[in-house]
Amino acid sequence: SSHFGSRSLPAAWLCSRLPLLATALPISAAMGGYPRERDSSPSKVARVELPLRTQLFINNEWVDSKAKTDFATVSPVSEEVITRVQEAGKEDVNDAVTAATEAFESWRHSDGSTRRNLLLKLADLVEKHRDRLAEVESLDNGKPKHVANMADIGLVIECYRYFAGHADKIGGSVVQPTQNTSSTFCFTWKQPVGVVGQIIPWNFPLLMQAWKLGPALAVGCTVVMKLSEKTPLSGLLMCDLIKEAGFPAGVVNIVNGHGPTTGDFIARHPGIRKVAFTGSSVVGHKIVQASSETNMKRVTLELGGKSPMIICKDADLDQAATSCHIGLFLNMGQCCVASSRIFVQEDIHDAFVAKVVALAKRLRTQGDVTSETDVPLCDMGPQVDKVQFDKVLGY
């Protein structure tokens, strides 16, 4: 087929992979002309090299929205507007698809080694700018900067390098037919689908972007991606790195906007051959419906749920309690694989509850990085916005 589907990573696995920084630095920004940020780490030089962007990235250029509309992106920490971001309308999405379609004619025939090297270069650039990317990820999403740096950015680098390794190893298979077996040579040859529409969520903005871009680019697809309207800033930073890495114009196009408008334009666009979406089950249904009502484009969905953990009486209770702690509190609980339900065998119920309560009482919040805690990766920031906050309290 073409671009491989995303796969969820267990939260406990994420924790086991990642060292942590000892401190986090507060970030903020203010509105006024171009986006401005206070003089805190990283240096002014890093901000000049990788400034906040608010436009659309189409055909390797920053362009203004033809829809002439924008929306605010808000700091979850202060609930203040960071800046306003331009929103893509139908004509803008058409432009992005046109650029991606034209680029596909040559990109599809590019050498696997070329795509491999470009993805490796992109990973190197992410590593070079990881502090700046973590700063903006924290600013826009609310998670502590040290968590964004070592968890999110670390896995972004690993993801691009992983799929770079696939780019020059995509082939097919030889099939032995049941008739004329000795005289017939039958084989499959995997080829890119074409222009892929990608719609990503707000909980791990840069990692979700990498999970979508990595496999699509490795196999020779071109991309039109919509960032989450709640957290567009770090994904827009990546556009400058994509261009610097050397990806040809039109291979990656990034637009901003809301689901019912920009997202729907992508889901229904006749020039898009496949849509890959990560988000809610409700929206997943709508994307499948949009595909069925238009050009029957392929759809890959990674949807959220209420994932249970099952604790049996012969389990290592310390390990089980830590796994449940990470599974629920990682990223402030904003994970598609969050273990938000726990089934515990009655014989160990009381002992298990005591352990998870003790872990929860030692969580660090509101920028605290000095108190004793058991799992620094679970240091807490705010929910991404009041909508999510109220939704959690409503359970």
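How many aromatic pairs does a search of the whole structure find? The points below take up this question after some notes on the model.

1. Basis of the note. This is a predicted model, in which local features need pLDDT of at least 70 and side-chain atom pairs count only at pLDDT 80 or more, while totals for chains, interfaces and linings use all residues. Residues are numbered from 1 along each chain as its sequence is written, and side-chain values use heavy atoms, with hydrogens and water left out.

2. Overall make-up. The chain has 13 helices and 15 strands, where helices (H or I, at least four residues) and strands (E, at least two) are DSSP runs numbered from the N terminus. Of its 395 residues, 49% count as buried; buried means under 20% relative accessible area, exposed over 50%, and partly exposed in between, with a 1.4 Å probe and protein chains only. Among contacts (heavy atoms within 4.5 Å) between residues at least 6 apart in sequence, 76% join residues at least 24 apart.

3. Aromatic pairs. The search of the whole structure finds 4 aromatic pairs. Rings of Phe, Tyr and Trp (its six-membered ring) pair if their centres lie within 6.5 Å, and planes under 30 degrees apart count as stacked, over 60 as edge-to-face and the rest as tilted. One of the pairs joins tyrosine 162 and phenylalanine 163 edge-to-face, at 5.1 Å centre to centre with 90° between the planes; tyrosine 162 is exposed, at 51% relative accessible area, whereas phenylalanine 163 is buried, at 12%. Another, between phenylalanine 185 and phenylalanine 187, is tilted, at 5.8 Å centre to centre and 35° between the planes. Phenylalanine 185 is exposed at 61% relative accessibility, and phenylalanine 187 is exposed with a relative accessible area of 52%.

4. Cysteines. With a disulfide taken as a pair of cysteine sulfur atoms within 2.5 Å, the count comes to 0 disulfides. Cysteine 159 is buried, at 8% relative accessibility, while cysteine 186 is partly exposed, with a relative accessible area of 32%.

5. Nonpolar cores. A nonpolar core is a set of buried Ala, Val, Leu, Ile, Met, Phe, Trp, Tyr and Cys residues joined through side-chain atoms within 4.5 Å. The largest has 71 residues, and those with the most contacts inside it are Leu133, Tyr160, Leu217 and Phe247. Its largest share, 12 residues, comes from helix H6 (residues 145-167). Apart from this core lies another, of 19 residues, among them Ala88, Ile199, Val255 and Ile272. Beyond its neighbours within four places in sequence, tyrosine 160 is in contact with residues including Leu119, Gln209, Leu213 and Met238.

6. Helix H7. This helix (residues 205-219) has 15 residues and reaches 22 Å from its first C-alpha to its last, close to the 21 Å expected at 1.5 Å a residue, the expected span being 1.5 Å times one less than the number of residues. Because 15 of the 15 residues of H7 are buried, the helix is largely enclosed by the rest of the structure. Glycine 220, which follows H7, has a positive phi, near 100°.

7. Asparagine 141. This residue is found in helix H5 (residues 130-141) and is buried, with a relative accessible area of 0%. Its side chain reaches the backbone nitrogen of lysine 143 at 3.3 Å, and a polar atom of that side chain lies 3.4 Å from the backbone oxygen of asparagine 203. Leaving aside neighbours within four places in sequence, asparagine 141 is in contact with several residues, including Pro76, Trp202, Thr231 and Val384.

Definitions and conventions:
A polar contact is a pair of N or O atoms within 3.5 Å; within protein, one must be able to donate a hydrogen and the other to accept it, and residues adjacent in sequence count only if both atoms are side-chain atoms.
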